[in-house]
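This report covers a few helix contacts and some individual residues. The model is shown first, and the notes follow.

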Amino acid sequence: MKPRALLLMLILALAGGVVWKGLAKRHRRAALAPAAATTALTESMAHPGHPDGAETIIEALRSDLTVHRKLILLFADEANLQGPARDAAMSTGHQLHHERVDLVGQLDDALTVLTAQPAAQRDPVVSAVLDWMERDPEVFELDRLAFRDPLRVLQHGLAQDGSPEGTMLKTRIVHDLAEVDRIEGLVESEYRQVFGGPGHPAQGGERKRWNDYVKALKSLYPEVGAGSPSSVPPAPSQEARREINGQAFPEKVLVLSFDDGPHRVYTEEIKAILQHYQAPAVFFEVGRNIGAVEASGAVKLTPLSALTEDLVKSGYIVGNHSYTHALLSKETGKPLDTEIGETDSVLRAIPGAHSQLFRFPYGARTGVQMQALEPYHLRSVLWNIDSLDWADPVPSSVADRVIRAVSEEKRGIILFHDIHDRAGKVLPALVERLQSEGYRFAGLDGNGELVLPSR
């Protein structure tokens, strides 16, 4: 290599180091609140080549990491959360999840827009984002479990880029995902050593790596606790609302359900797993992910609506999960009607996607919200088995939670989410185990009637 070219490379490398050090120094402060980070991302997407693009995305990732950490703290002592204490933790957790759903959706969109930019605009931003994930001293080893989802979105966005620049970025992302796999493997191994699993008897002890992580998080967020119990008023009696929650199913009959999608990566992966096991399922989708109703009344679908159409063509039922994933128990009048009606209209615009099924975000509803479903002839569908995959990043822990709940309930509807990687990770072994114990996976038709599989 010519001396001049070598000198230029050294200058660029040093400049890159200066840029990263500047970013790292700037980020040693409290993360933005999720709402503020979401707003900043929205503004940044209007100018994808803006020099502050990397900083905006990193701020959003830091905000998401903060929510991820707080959810872990809330349920770190899950075994001792009973009665009002558990209700309080769930109430606080649902609020955190609500903030995170908005942020993650906008973050996924921003990363997808970023990967579509010309390499000159894209590469410095993606490199700075990866630098932060790999090198920020304030990121703990186990924090990297929160990076799998954005890394998968980046990988998906770059999948068709065969340029040298794109290939270099993809190689780096593969390396980062392998590091996440390594860390997850350590946490999983530790969990199974303590609690055991199929073919692996429990050896006792403690989850030292995990407990040290939780201890470190407690020092960062001493204010995080269960909070106060939910103030959501009780819903009307089940007899008055024709609501489905799975508790009236025949014994050993289960229905799989997935909320908050569709997701540009995980929805297709989950569908492939379900098809492999010939398992029906219901997908409750957030309307704004798949389309919008314009002022003229016309529906404009998003690219993600193709995933919804594919689910329907593959035989899966799709339900309404509100338009923005709002806490509907606090909504009345026109805002409540909009949350229900806009998603209803969007689903009608996708061939075969409309059904009479509706799921209230967080299950939060009163008689007022139940009555708001009636003009649309919608039927509320809840669940009685919560995987907590929205709060627990450890697949084995998620799977064991479902198995414990199924053994207690004997029947019902299982709640998963297709906007995170956990459901896809636990489904194969979980379905096989429950089938081996005599459980059958059934479906719901578009009217909410149970569809039992043939034996």
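Does D161 count as buried or exposed? With a relative accessibility of 19%, D161 counts as buried, where buried means under 20% relative accessible area, exposed over 50% and partly exposed in between (1.4 Å probe, protein chains only).

This is a predicted model, in which local features need pLDDT of at least 70 and side-chain atom pairs count only at pLDDT 80 or more, while totals for chains, interfaces and linings use all residues. Residues are numbered from 1 along each chain as its sequence is written, and side-chain values use heavy atoms, with hydrogens and water left out.

**Surroundings of D161**

The loop between helix 6 and helix 7 holds D161; helices (H or I, at least four residues) and strands (E, at least two) are DSSP runs, numbered from the N terminus. The D161 side chain makes a polar contact of 2.5 Å with the side chain of S163. A polar contact is a pair of N or O atoms within 3.5 Å; within protein, one must be able to donate a hydrogen and the other to accept it, and residues adjacent in sequence count only if both atoms are side-chain atoms. Neighbours within four places in sequence set aside, D161 is in contact (heavy atoms within 4.5 Å) with R122, G166, T167 and K170.

Two packed helices are described by the angle between their axes and the distance between the axes. Axes are lines fitted to C-alpha atoms, for helices over the stretch in contact, and angles run from 0 to 180 degrees between N-to-C directions.

Helix 6 (residues 148-157) and helix 7 (residues 164-195) have axes that come within 10 Å and cross at roughly 155 degrees. Helix 6 is therefore roughly antiparallel to helix 7; angles under 35 degrees count as roughly parallel, over 145 as roughly antiparallel, 65 to 115 as roughly perpendicular and the rest as oblique. On the helix 6 side the contact involves R148, L151, R152, L154 and Q155, and on the helix 7 side I173, V174, D176, L177, V180, D181 and E184. By class, this contact of helix 6 with helix 7 has six nonpolar, one polar and five charged residues. Ala, Val, Leu, Ile, Met, Phe, Trp, Tyr, Cys and Pro count as nonpolar, Asp, Glu, Lys and Arg as charged, and the others, Gly among them, as polar.

Helix 5 (residues 119-135) packs with helix 6 at an angle of about 155 degrees, the axes being 12 Å apart. Helix 5 and helix 6 are therefore roughly antiparallel to each other. V126, L130 and M133 of helix 5 meet P150, L151 and L154 of helix 6 in this contact. Its classes are six nonpolar, no polar and no charged residues.

**K425**

K425, in helix 16 (residues 422-436), is partly exposed at 34% relative accessible area. Apart from neighbours within four places in sequence, K425 is in contact with R148, E184 and P395. The side chains of K425 and E184 are joined by a polar contact of 3.2 Å. K425 and A399 lie 26 residues apart in sequence, with 9.2 Å between their C-alpha atoms.

**Backbone features in loops**

Two residues other than glycine have a positive phi.

| Residue | Phi | Relative accessible area |
|---|---|---|
| H325 | about 65 degrees | 2%, buried |
| H377 | near 55 degrees | 60%, exposed |

H325 is in the loop between strand 5 (317-320) and helix 13 (333-348), and H377 in the loop between helix 14 (367-373) and strand 7 (379-380). G261 and P262 are joined by a cis peptide bond, with omega about 0 degrees.
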